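Thank you all for coming.

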Amino acid sequence: QLFHSSRVHIITNSHTTMKFSSSILSAALLVSASCSSAAAFSTHQRTLSSSSIMRTSSSSTTFLASTTEKSAECSSTTTATLTPEFAGARDQAITTLKAQLPPEALSTLEQPLTHFISEYFQSLSDSAAAGTKNPDGSEVTPQQAVKNMLTTLSYGLKYGLGKDKFIFENVRHMALRGADFNDTSVIDSRYEEDSLKEKLGPDVTTDFYAAGCEFFRPSMDLEHSVVLGQDNLKQAREQIDAGENVIFLANHQSEADPQVVSCLFETVGKEMGDLAAHVTYVAGHKVTTDALAVPFSMGRNLLCIHSKKHIDADPETKPAKSRQNMTAMNSMLKGLKEGGMAIWVAPSGGRDRRNVESGKIPIAPFDQKTVDMFRLMGNKSKVPTHFYPMAMVSYDLCPPPDFVEAGVGEQRNVRFTPIGIAICDEVPNVGGAEKRHLFTEKAEEECIAGYTDLLKGLKMDKYIPEEYSL
């Protein structure tokens, strides 16, 4: 663990406990003294008025390290400079963290940490300038940025690198939502185990799902965001409530896509916000091994499956990864047989990448074998399983590197920007093996159509590939 000083707790609500080393906390309080107060990390849901929604159907060397300097360009929604208050808070946060890093890690971590902190403070400065409100109605403040960032980095250092590094022991991970020992009727049985209590220590009451949403929500321009296909979303919710399964076949644009789903579903209503928390995300190895991603992943229902391109990247580990995928498939099948399961999967196996020459952002092609596998699992479960293409626009929120990197750790970018989701019409799970390609083609076509509609609705036409307009 990279923080060695005594720890102090701030209880912000019944679900989330924020932890800082005493020196980091002191710096945060100094920064907040010159800022207006705001409740950071509130777990209340934010519901927008209907007028704001469009109606239509292992070692420290890997922490935040990047092997590319070719990160995506800034969104047009980002302003050029920080306000003096946010700039001062950012500088103090960077200085404090540098002082806490051991000398042997400083040379590796200083640049990526400084970049990530600068990006986040810029996004929240832009958010505050736009008049964004927190779920409790308070303003977005420098104090909030300090608390969010220092809490997230402390989780990453503790659970991603330190002696308390969190190990995802099962291929199917259930979200850690925190133990409420005052209400034994709703306690997660895992929290009764001494091993988990010892592993989490003072974080045993932390709702990691809520913490992840609260970190990214201020960077989302929810007032100008778009949710399309709400009738389809309602239908999917009814099918899940009836004990049937729903699989969302989505394009994937940013590391924050699970938080995008949660925050946008919440804008539709509480029931949809609850559905978002129920979704299981199919994810690769990076989300459970990248130090910064680990605390966000701890708060999500996950199925850890290696994509084909990552399996083939290292011949020595291919057999082990293949065995892990088989275990994951069996675990998923068990969940589908139980019924009422909601799964989010990106059939492309990775994020959409910007065309560096044109600036357009096409959807990465759906992989035929991946779609076939999920259809097969749905059929084998003997429980009705429904497939909905889901188009997502979140690229500007956390622009990925322009080129795929096999290892963990990448330069993190954060922007204040509108986002969007379109739940497309259900694609019937019919047809034999000889026509299976037609199902995949239909699902991808629906996703592209929804994606194009989203970009137009968000006034991001500049990202639409020319071939989508034909």
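What you see is a predicted model, in which local features need pLDDT of at least 70 and side-chain atom pairs count only at pLDDT 80 or more, while totals for chains, interfaces and linings use all residues. Residues are numbered from 1 along each chain as its sequence is written, and side-chain values use heavy atoms, with hydrogens and water left out.

Searching the whole structure gives 13 aromatic pairs, where rings of Phe, Tyr and Trp (its six-membered ring) pair if their centres lie within 6.5 Å, and planes under 30 degrees apart count as stacked, over 60 as edge-to-face and the rest as tilted. One of them joins Tyr159 and Phe208 edge-to-face, at 5.9 Å centre to centre and with 85° between the planes. Tyr159 is buried at 0% relative accessibility, and Phe208 is buried at 2%, where buried means under 20% relative accessible area, exposed over 50% and partly exposed in between, with a 1.4 Å probe and protein chains only.

Phe387 and Phe439 are also edge-to-face, because their ring centres are 5.5 Å apart and their planes stand at 85°. Phe387 is buried, with 1% relative accessible area, and Phe439 is buried too, with 4%.

Which residue lies over the face of Phe439? That is Arg375, at 4.2 Å from the ring centre, and Lys199 lies over the face of Phe166 at 4.9 Å; a charge sits over a ring if NZ of Lys or CZ of Arg is within 6 Å of the ring centre and within 35 degrees of the ring normal.
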